[in-house]
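Here are my notes on the model you sent over.

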Amino acid sequence: MDNQTATQPNLAVGRYNYDEIDHGFLQERINQFRSQVERRLKGELSEEEFKPLRLMNGVYLQLHSYMLRVAIPYGILSSKMLRGLAYIARYYDRGYGHFTTRQNIQFHWTKLEEVPDILTHLASVEMHAIQTSGNCIRNVTSDEFAGLAQDELIDPRIYAEILRQWSTLHPEFAFLPRKFKIAISGSPNDRIAACFYDIGILARLDSQKKPVFEIWVGGGLGRIPVKGKLIRDDVAPESFLAYVEAILRVYNMYGARNNLYKSRIKILVQNMGIDAFREAVEKEYQVMDQEKFKLSPEIMEQINQRFGRPVLQDFPEATKILDQHRNENPEFNRWIKNNSHPHFHNDYFAVVIALKNIGETPGDITADQMDAVANLADQYSWGEIRVTHLQNIVFGHVRKDQLYKLWKELVKNDLASANQGLITDIICCPGMDYCALANARSISIAREIAKCFADIELQEKIGSIKIGIDGCINSCAHHHITNIGILGVDKKGEEFYQIKIGGSSYKDDAEIGSILGAALTAEQVIEAVKKMIDFYLDKREEKETFIDTYRRLGAAPFKEIVYAAA
Amino acid sequence: MAAETNALSEEKCHIITANRLSDGRVVWFTEQGYWSVLLEEAYIFSKEDMEKAMEQAQQDVEKQYVVGLYGVELKPTTRIPLTTRERIRAFGPSTHPEFNPRAIQEISTHG
Amino acid sequence: MPLLKEGQIITDPWNLVGTGNQQTISERRVVISFEELANFLENADPSIDIGVSLKSETDAELLKPYITKLKLVVLNFPVFRDGRPFSQARKLREMLKFNGEIRATGNVLPDQYQFLHRTGFSTVEVAETADIALWHKAFHQFTESYQPSIVSEVRGKGLRWQI
């Protein structure tokens with residue numbers, strides 16, 4: 001598809017485009033951070049004082065180096081942004097980046113003294129690292145199929161952008177008791193794990209058929225996994241920002257500050273009870289100056305205008321041509337079957353580019369691959385790239401007849417894994433290979449498990465299943481809410497792994513997994529996964545997925561199979 | 001080389017580490033009092049000598065040269081840290097053997 | 001200790017020497033801790049100016065019965081990471097419509113100066129050793145913001161406000 005044009009050709013598709021004011025603001029932020037780094041290097045700021053300031057700008061001190069976490073607001077990149085990230089990977093890092101489970105990208109080998117220059121480069125492609133860490137409102141995540149999903153009621157990207165802007169250097173909420181994560185979707189069908197966020201927002205139709213937001217609060221993973229509670233299911237879109245502000249104020253005032261493990265909003269909601277918490281929020285909401293927060297049609301339009309949009313054209317032949325290609329090439333057919341997602345426009349598909357090659361690190365992408373993806377996005381998907389909370393990439397709007405050409409290009413670049421949603425599509429944190437918090441490595445476990453199930457036909461036979469592997473209880477890889485969760489634990493300096501089973505991430509059947517038994521060694525945990533899968537294949541009834549069989553049989557037989565003949 | 005004057009023994013199995021403030025690299029405290037990116041150059045102390053050595057090393061924290069100072073225990077009579085975590089810090093991520101500091105040969109300088 | 005208003009050192013009319021339970025009296029001004037406020041007001045000379053100091057864990061709303069009698073509220077940061085005083089100040093301005101001085105004391109960084117200003121603080125007490133130039137610069141660090149505040153700012157396009 002040559003010469004794709006968007007509504008406003010100079011605007012990047014799918015995301016908010018900065019104007020001069022936004023650029024000016026970002027420059028002021030970089031100046032501030034540059035001076036903070038200088039003050040630190042000169043000793044005018046102590047490490048204790050500097051740490052919260054650098055974290056608030058995404059700079060961690062990890063095992064080997066400083067790590068810079070760059071925000072990808074609501075997961076959407078333009079090809080220009082991705083090329084900017086490739087430049088940073090090449091010239092300031094070691095040639096690659098790592099997509100996280102919160103739609104960020106991390107560079108693991110940056111130098112503190114170079115971070116201000118990296119930020120300057122990021123700003124030139126409208127990116128930043130603001131609030132990607134620290135006890136503040138973090139990068140807002142969204143549905144990777146936003147703006148194209150058939151079930152969408154409200155375009156969540158506009159509201160995610162509003163949350164991004166509003167939370168940026170919010171004067172009152174920059175020093176919260178603990179980190180604060182918000183996810184938003186415009187569909188009733190949860191694809192964002194809304195019940196496991198500090199605030200999770202989904203859309204629904206009210207009795208007048210008007211789209212409204214339902215707001216979940218106090219969910220989270222970590223040491224104490226909690227399913228969030230529904231605080232309101234009828235928040236009008238124009239009022240949602242005021243309501244979120246009221247929630248944050250209650251949390252800032254009453255969230256625990258003397259105990260790290262009790263300081264997340266989930267504990268506050270648990271302790272107060274959702275009814276008392278709701279009452280406190282309503283009280284704030286009633287007295288605040290709601291007019292100032294109201295999202296008038298004028299404000300919405302001013303923000304909306306900064307979003308580029310693709311011009312989708314009817315091409316009635318598209319499906320027929322796609323079907324021909326599928327018939328001719330079984331590998332391509334497999335990729336379409338496993339990696340495509342329906343689009344509201346019948347002549348288009350969204351496709352998942354899985355960063356889950358067998359034996360490689362989930363979510364890692366090299367600078368060369370970034371450039372290749374950027375070029376392909378320009379050719380096939382209006383220069384728009386989405387990164388998912390499952391550490392993959394999505395092209396949002398590919399015309400069906402173009403998919404075969406795209407796939408052949410992806411094959412050339414080693415980016416055509418057809419394993420989306422299958423057992424080797426593993427979610428994995430960086431673990432102890434990089435992370436200062438980790439107790440054990442996670443990447444090596446992910447790679448080994450993937451190797452055990454490398455045969456794609458076997459993967460398809462096993463069917464839909466999600467494995468999450470975490471190097472510590474912080475649970476970046478969601479091991480509590482994946483069907484099989486693996487958690488690294490430390491025993492006197494040696495790595496061990498605990499298994500959780502039965503977790504599920506999304507609203508309708510959201511569930512926290514249960515611990516299977518005593519922690520195992522790395523070799524044992526890989527064997528255990530194999531045994532559980534063999535057992536499931538043996539016991540499954542027609543069309544059952546792993547989680548279905550687990551729910552029918554319970555944990556006991558899985559436990560027996562893993563621990564009996566040790 | 002520190003290693004020559006610094007014989008391994010059952011008692012001497014403690015070394016001192018930190019991260020360099022400017023670039024975050026893992027560094028090890030040497031006999032001459034500078035910091036090396038190579039664990040091989042770390043000076044090995046007995047448990048009794050550690051307190052004094054840590055005090056000396058702490059001066060470089062105050063000079064804003066390193067951060068996050070602490071002691072690391074080695075497997076007796078080896079130059080291999082006892083814990084997996086410290087082995088990964090010393091030899092690089094297991095996923096990227098090419099990033100072992102010995103392979104990278106970064107220059108260590110004193111602050 | 002130096003007292004800053006809008007990035008400049010000003011003379012402190014209250015002449016505070018510390019906060020908390022220590023009651024500091026100049027000729028016609030008294031600053032009292034919140035815990036002692038109710039008792040104090042019962043017998044207070046109505047012509048003197050009264051200020052109150054609040055711990056960060058105290059709900060600012062508790063000042064409601066006394067708010068019209070107060071000229072100053074001192075909010076203390078036990079550590080700069082304790083963000084509660086930002087909400088306290090905001091509540092004093094927005095919920096209790098307090099028009100007097102709100103002063104920040106304790107451990108505050110210059111990097112937080114605009115946050116203080118935009119949540120309703122009027123003054124900040126800084127250490128004797130503080131780099132006043134840095135504080136002055138920090139007060140003018142940002143010229144745009146993305147959220148409304150309780151100080152009067154000029155509304156721009158979208159969510160933006162000119163500081």
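1. Which domains does the assignment give for chain A? Bear in mind that this is a predicted model. The assignment lists domain 1 (20–124), domain 2 (141–304), domain 3 (318–412) and domain 4 (427–563).

2. Next, domains 3 and 4 of chain A. Their C-alpha centres lie 27 Å apart, and the two domains are in contact, with 9 residues of domain 3 meeting 9 residues of domain 4. On the domain 3 side, those residues come out as 3 nonpolar, 4 polar and 2 charged.

3. Now for the chains. Which pair has the most contacts among the 2 pairs of chains that touch? That would be chains A and C. Chains B and C, on the other hand, do not touch, and their nearest C-alpha atoms are 19 Å apart.

4. A closer look at A and C: the contact takes 30 residues from chain C and 32 residues from chain A. On the chain C side, the elements giving two or more residues are helix 2 (84–94), helix 3 (113–119) and strand 9 (144–145). Helix 2 of chain C gives the most, with 5 residues. Sorted by class, the chain C side has 8 nonpolar, 11 polar and 11 charged residues.

5. Then there's A with B, where 21 residues of chain A and 20 residues of chain B make the contact. If you want to find the chain A side on screen, look at helix 15 (443–452) and strand 19 (494–501), the elements that give two or more residues to it. This side of chain A divides into 8 nonpolar, 6 polar and 7 charged residues.

6. On to the inside. Nonpolar side chains tend to be buried together in soluble globular proteins. Here the largest nonpolar core has 190 residues, and the members touching the most others are Ile247(A), Val373(A) and Val73(C). Helix 6 of chain A (residues 240–254) gives the most to this core, with 10 residues.

7. What does Ile247(A) touch, leaving out residues up to four places away in sequence? Its partners are Ile199(A), Val217(A) and Val281(A).

Conventions: Residues numbered from 1 in each chain as written. Chains lettered and ligands numbered in written order. Predicted model: local features only at pLDDT ≥ 70, side-chain atom pairs only at ≥ 80, totals over all residues. Domains from an automatic or database assignment. Contact = placed C-beta atoms within 7 Å. Nonpolar A, V, L, I, M, F, W, Y, C, P; charged D, E, K, R; others polar. Helix = DSSP H or I, 4+ residues; strand = E, 2+ residues; numbered from the N terminus. Core = buried A, V, L, I, M, F, W, Y, C linked by C-beta atoms within 7 Å. Buried ≥ 20, exposed ≤ 12 C-beta atoms within 10 Å, placed from the backbone.
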